[in-house]
Amino acid sequence: TTYYVENPPVPEPNPTYLTFQSSSSFTLKTYNNKKNWNGTLYYSTNTTNWNVWSGTSTLSSVGNKLYLRGTGNTIITGSSDNFRWVLTGSNIKCIGNIENLLDWETVALGNHPPMANSCYYSMFDGCTSLTTAPSLPATTLADYCYRYMFYGCTSLTTAPSLPATTLSTACYYAMFEGCSSLTTAPSLPATTLANGCYDSMFKGCTSLTTAPSLPATTLASQCYDSMFSGCTSLTTAPSLPATTLEKYCYMCMFYGCTSLTTAPSLPATTLADYCYYWM
């Protein structure tokens, strides 16, 4: 016997929202209990009924899920950790394209909404219950856009892909600093760097065993400053093919990497001020 279901639900191939889910109930709020984005954010507990989030209220999951999307945003947090989001619960996953918070209609058309400087600055800073990070597909970055984004997320084990090939000032600064459960770093294909772009990116990631390839041959000031400082499980350094250096470019890059047994070749013949300082 064959049974047919009238109008069965069709799952969205690319959902136009960001999903937060857990194995238990959780809440979401902004640290300063204010609206820090410059457009509109909506929340839902069923993906059908959407309500404007004022930023002054605490959102609660229903069925251990919560959905968010936005319109007209170019910034979600801003240049202070007081604007960060606070997740209270355990084993919380954030699933989907984070650009849906900026403008979900633009994402639905297959495009990337523009980011302003400090767009996601400190967004999940200190969210120790976050186990899964959202996707970050932007290829055009803004200054400080991901700075401190996952700082201190001690339950995060995997980092999202970072496909941008041209970077902006301090765009990844301390992005994963203190993520002590992170075992694998994302691929970093960028060849056009910017001042401080990778500064402290994986600082204190004590479970990180392998560093990503760093293909750039022309560096920027402080671009790798403290990038792997305190990564006590790192056993192998990446190849460093750069021949054009800038001041402080490698400063403290492997400081405190007590498991590192082999140093990389350093082919540059013209050096810059403090380029290898405390490397």
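Guide: Let's start with a pair: Tyr42 has Val52 in E4 as its bridge partner. Strands here (E, at least two residues) are DSSP runs, numbered from the N terminus. This is a predicted model, where local features need pLDDT of at least 70, side-chain atom pairs count only at pLDDT 80 or more, and totals for chains, interfaces and linings use all residues. Residues are numbered from 1 along each chain as its sequence is written, and side-chain values use heavy atoms, leaving out hydrogens and water.

Visitor: OK, in what sense do E3 and E4 pair?

Guide: Antiparallel, over two bridges; strands pair if DSSP finds at least two bridges between them. They form a hairpin with six residues between them, and Thr47 in the turn has a positive phi of about 65 degrees.

Visitor: And how many bridges join E3 to E6?

Guide: Five, and those two strands run antiparallel. Leu41, for instance, has Gly70 in E6 as its bridge partner.

Visitor: New topic: where's Lys34?

Guide: In the loop between strand E2 (27-30) and strand E3 (40-44). Lys34 and Thr56 are 22 residues apart in sequence, yet 4.9 Å apart in space, C-alpha to C-alpha.

Visitor: What about Glu177, buried or exposed?

Guide: Buried (under 20% relative accessible area, 1.4 Å probe, protein chains only), and Glu177 has no salt bridge. That would take a side-chain nitrogen of Lys or Arg within 4 Å of a carboxyl oxygen of Asp or Glu.

Visitor: Which side chain of opposite charge is nearest to Glu177?

Guide: Lys203, 4.4 Å away. For charges, Lys and Arg count as positive and Asp and Glu as negative, while His and the chain ends are not counted.

Key. Buried < 20%, exposed > 50% of the residue type's maximum accessible area, 1.4 Å probe, protein only. Helix = DSSP H or I, 4+ residues; strand = E, 2+ residues; numbered from the N terminus.
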